[in-house]
Amino acid sequence: MAAALRSDIEQVGACLIVVLTGRLATATAPIARLAVLKCLADHPDAVLVDLSAVTVVQNVALTVFAAAAQRASRWPGIPVLLCGPTPATAGLLAGGGYGRLPVYASTTEALAALPERRIFSLSETLLPVRGAARRSRRMAAEACARWDIPHVTDSASIVTDEFVTRALAHAATMIDVRLALRRRYLMIAVHAGNPGAARAANAPASDPWPDPGTLLLDSVARRWGYQQVDGGWVAWAMLNISPRPGVAPRRLP
């Protein structure tokens with residue numbers, strides 16, 4: 001049996017680094033996948049995977065990174081970069097048989113290749129109480145005013161309210177709300193505990209918090225969905241920050 005694979009997460013600027021240590025095999029690959037997907041909840045500019053302390057004992061396990069990167073490209077369009085592989089592992093990755101991902105000699109080299117950006121984010125942990133949804137709407141309004149995108153306020157308030165309301169109804173755990181501004185999108189993520197609720201027939205396949213508000217989310221979000229992470233689920237959404245053609249941005253009073 002392969003030894004356990006350990007994952008640690010470090011933050012450098014607007015990027016997150018997944019540091020893997022141990023032996024990568026089909027039995028331990030899910031640990032690497034979960035670590036990458038967990039990073040997505042923070043909407044980083046990129047996820048770097050440090051392979052310098054990884055020994056690949058089953059080559060097919062390398063496909064886990066391509067699978068995680070494919071998920072990251074959809075939620076919410078975050079690049080995954082592989083860093084510091086041993087010469088043998090680098091050779092396997094260069095062959096393309098295990099997916100084609102950017103590979104760098106070190107995390108320093110990968111970070112240097114990324115464009116420098118300022119971090120614009122707002123986050124808060126809410127108690128699972130009646131006023132949580134109202135507080136999340138205020139957070140959305142505060143973020144949009146702070147980042148000069150008042151025309152997104154209504155949509156952001158709808159999304160945060162819907163996600164937090166679902167979490168209150170189905171999870172009843174502490175609720176982490178995060179808003180982050182990217183070049184073209186406002187990213188919203190709400191993290192709560194495992195609800196253990198039955199899925200509605202019309203809800204997305206990964207929707208742990210079924211609710212009639214699905215159509216409402218479809219109408220205001222560019223893209224949205226759910227992702228299972230350690231200890232629960234993350235509901236996420238991407239909102240366009242460019243005003244519709246011919247419509248001037250609405251300013252808050």
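This is a predicted model: local features need pLDDT of at least 70, side-chain atom pairs count only at pLDDT 80 or more; totals for chains, interfaces and linings use all residues.

**Exercise 1. Confidence**

Task: State the average pLDDT of the chain, and identify stretches in which pLDDT stays under 50.

Solution: 
- Step 1. The chain has an average pLDDT of 83, and 83% of the residues score at least 70.
- Step 2. Residues 196–205 stay under 50 in pLDDT, and the model has 10 contacts for them beyond four places in sequence.
- Step 3. Residues 245–253 likewise stay under 50, here with 12 contacts beyond four places in sequence.

**Exercise 2. The surroundings of Arg178**

Task: Determine whether Arg178 is buried or exposed, and list residues in contact with Arg178.

Solution: 
- Step 1. Arg178 is located in strand β7, which covers residues 175–181.
- Step 2. The relative accessible area of Arg178 is 18%. Buried means under 20%, so Arg178 is buried.
- Step 3. Beyond its neighbours within four places in sequence, Arg178 is in contact with several residues, including Asp42, Ser121, Ser123 and Met187.

**Exercise 3. Thr153**

Task: Locate Thr153 and find the backbone oxygen that its side chain reaches.

Solution: 
- Step 1. Thr153 belongs to helix α6, residues 153–170.
- Step 2. Its relative accessibility is 6%, so Thr153 counts as buried.
- Step 3. The side chain of Thr153 reaches the backbone oxygen of Pro150, at 2.9 Å.

**Exercise 4. Salt bridges**

Task: Give the number of salt bridges, and examine the pairs Arg135 with Glu124, Arg137 with Asp161, and Glu162 with Arg166.

Solution: 
- Step 1. The count comes to 7 salt bridges.
- Step 2. In the salt bridge between Arg135 and Glu124, the closest N and O atoms are 2.8 Å apart. Arg135 lies in helix α5 (residues 132–146) and Glu124 in strand β6 (residues 121–126), so this pair ties together parts 11 residues apart in sequence.
- Step 3. Arg135, with a relative accessible area of 28%, is partly exposed, as is Glu124, at 29%.
- Step 4. Glu124 and Arg135 also belong to a network of salt bridges with Glu142 and Arg146.
- Step 5. For Arg137 and Asp161, the closest N and O atoms are 2.4 Å apart. This pair links helix α5 and helix α6, distant parts of the chain, 24 residues apart.
- Step 6. Glu162 and Arg166 form a salt bridge at 2.9 Å, N to O. Because they are 4 residues apart in helix α6, about one helical turn separates them.
- Step 7. Glu162 is buried at 10% relative accessible area, and Arg166 is buried at 1%.

Methods:
Residues are numbered from 1 along each chain as its sequence is written. Side-chain values use heavy atoms; hydrogens and water are left out. pLDDT is the predictor's confidence in each residue, from 0 to 100. Contact means heavy atoms within 4.5 Å. Helices (H or I, at least four residues) and strands (E, at least two) are DSSP runs, numbered from the N terminus. Buried means under 20% relative accessible area, exposed over 50%, partly exposed in between (1.4 Å probe, protein chains only). A polar contact is a pair of N or O atoms within 3.5 Å; within protein, one must be able to donate a hydrogen and the other to accept it, and residues adjacent in sequence count only if both atoms are side-chain atoms. A salt bridge is a side-chain nitrogen of Lys or Arg within 4 Å of a carboxyl oxygen of Asp or Glu.
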